[in-house]
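Please look at how the two parts of this chain meet, and at what kinds of residues line the place where they touch.

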Amino acid sequence: MQNWSALTRRDAMKAALLGSVALAAGNTGAARAADKLKAAWVYVGPVGDFGYSYQHDQGRIAVEKALGDKVATTFVENVPEGPDAERAIERLARDGNQIIFTTSFGFMDPTLKVAKKFPKVKFCHATGYKRADNVSTYSARFYEGRYVIGQIAGKMTKSNVVGYIVSFPIPEVVSGINAFMLGAQSVNPNVKVKIVWVNSWYDPGKEADAAKVLIGQGADIMVQHTDSTAPLQVAQEKGILGFGQSSDMAKFAPKAQITAITDDWDGYYVDQVKEMLAGTWKSTDTWDGMAKGMVVLPPIVNVPDDVKAMAEKTIAGIKDGSIKPFGGKITKQDGSVVENLDDGAILSMNWYVKGIDDKLPG
Amino acid sequence: MTIDASALQAVLLTIVTASTPLLLAALGELVTERAGVLNLGVEGMMVMGAVAGFAVALTTGNPYLGVVAAALAGAALAAPFGFLTLNLVANQVATGLALTLLGLGLSGLIGEAFVGQPGVRLAKLHIPGLSDLPFVGPLLFGQDLLVYLSIALAVAVWRFLFASRAGLVLRAVGDNHASAHALGYSVVRVRWAAVLFGGALAGLGGGYLSLAYTPQWIENMTAGRGWIALALVVFSSWRPGRLVIGAYLFGAVTILGFFVQGLGVGVPAQLLSALPYLVTVVALVAISRRRGRGDAAPACLGKSFVPDR
């Protein structure tokens, strides 16, 4: 009889890792038809999250619809950020995919590493800032939407306390908080934002806990930069209002959701794959917002007409360029003043605007 | 900074809901491991409980049927583990890990139709008079059934293990299966019972997530709680009392971390999110050291048993 207890915990961890990667890679063997262009997507969460990853997968489906049998798509979901992602991405490259979309910030270095090994394969990495000859980056100006919901929140809050649940202190999230605060301050100078970092993009239980605690502390508007629908559902349960993240979460909390910041990647993905087919693909840096339809706010509900009209006016202003969330003079938390931030400054933002109580982690 | 009663109450209520699923799943694993079986599939059994509980509650409209279904689903997923490791003497570590992967995949498949459906919430108890007491009423007398069940089960497991003959047999099987076998006890049968019990409780823990914690179904909604439950069992040195302390401590420090962040007093968020693990491990290790003796792992934990005659 063999003594199995001799297996160490490290072996168990290794087995678990190998297992999960093998399982993730198992999804990829879908289409093997020749002369079709093979495109692959890597998601950080499940496609069924009805949030961030779901929205990317809608873009993949749009590619299939638009280009039909010229393209064969596959995806890998639930890929952990960090070094493990490298194996999943490399597997897709080995499988003969010609273009690979890696859709989360934490896939940045793994994408670059695999791209070096497979110079003929093209990569597009979402929300990052490192590029190469065969690596493009793309992101949406989420902060534009956050400025709008900040204005709505500033008008709608009675306690002047907004609860804001966040994942990780990366520039995308920080600029979102700042844009939200600037929007809120533009209509209500007394508004306060309580920030809770849950250190996860997707943990419904933790997000719900954070929401409950924030509401207990007096928040009457719930904002999230995490991907599950839990905070909004808690908001509905407690009878307060909130905003969806990444996709329209209205059906989970019809009485609580005012609007949501949704990403629409359809156009970008279809364009990239079309350029692959035409042989004109080049490494680019794409950063579009409301004007190009990459950031979309679903119809605004659960608020009075004047608030809705104000928000729609702001949306129109952002679209035509007359309103810039980070335009004009901005006072930082430390009291220094900056002016008319350019894209580089927004993409690397690591400071808070004045009026935010939280201290930025890291 | 001011902390008013309603904020404190919200925190305490949230601590209870955050701790209950961990306690339920860990209690089941504690009994399984006391019988000498290491089942690393807690996460998989939990998530199966979550999807089954949600599906049954939604289709029947009765959350209590959902609770039953969650326990059954957890036990049902534990059954192949029992067959493979106890009857076919497969490696427990590998089989347990496979069980987690199976549970996560299978639950996603089963749950596909239920994603995005509004769930049925397990009602909070209401005892006229008591539940209406200010502050303590909702806290002590206004929780849902599973919260009370988890505490009652902890007491029952403790009595069973240390004050009943059957519990003694179970511990004997876990500590020295050869002797237990020589005395005429069926090691495999006892372990089967422990594995199914562990599965049922893990299922209940998962069911708590989808029926009371966040009444909805989303893929992978256990988000690693099964692994935390596994660790709690080890750090409680296989003692139900310490397990209760550990589970509530973990829940409490997690929630207090959010609370402190909300106050905006400038404690680094990364430290706060690491604290539950640190505090729980340190506290439980400290308790174990102080009490000393006889608290080690069941001697036959993870070892397969083949009757030699």
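Contact here means that heavy atoms lie within 4.5 Å of each other. This is a predicted model, in which local features need pLDDT of at least 70 and side-chain atom pairs count only at pLDDT 80 or more, while totals for chains, interfaces and linings use all residues. Residues are numbered from 1 along each chain as its sequence is written, and side-chain values use heavy atoms, with hydrogens and water left out.

By an automatic or database domain assignment, chain A is divided into domain 1 (12-140) and domain 2 (142-263 + 295-347), and the C-alpha centres of these two domains lie 29 Å apart. Where they meet, 12 residues of domain 1 of chain A are in contact with 14 residues of domain 2 of chain A.

The area buried between domain 1 and domain 2 of chain A (the accessible area, with a 1.4 Å probe, that two parts lose on being put together, summed over both) is about 1200 Å², and carbon and sulfur atoms give 64% of it. On the side of domain 1, Phe50(A), Tyr52(A) and Ala140(A) lose the most area to domain 2, together 40% of what that side buries.

Note on methods. Chains lettered and ligands numbered in written order.
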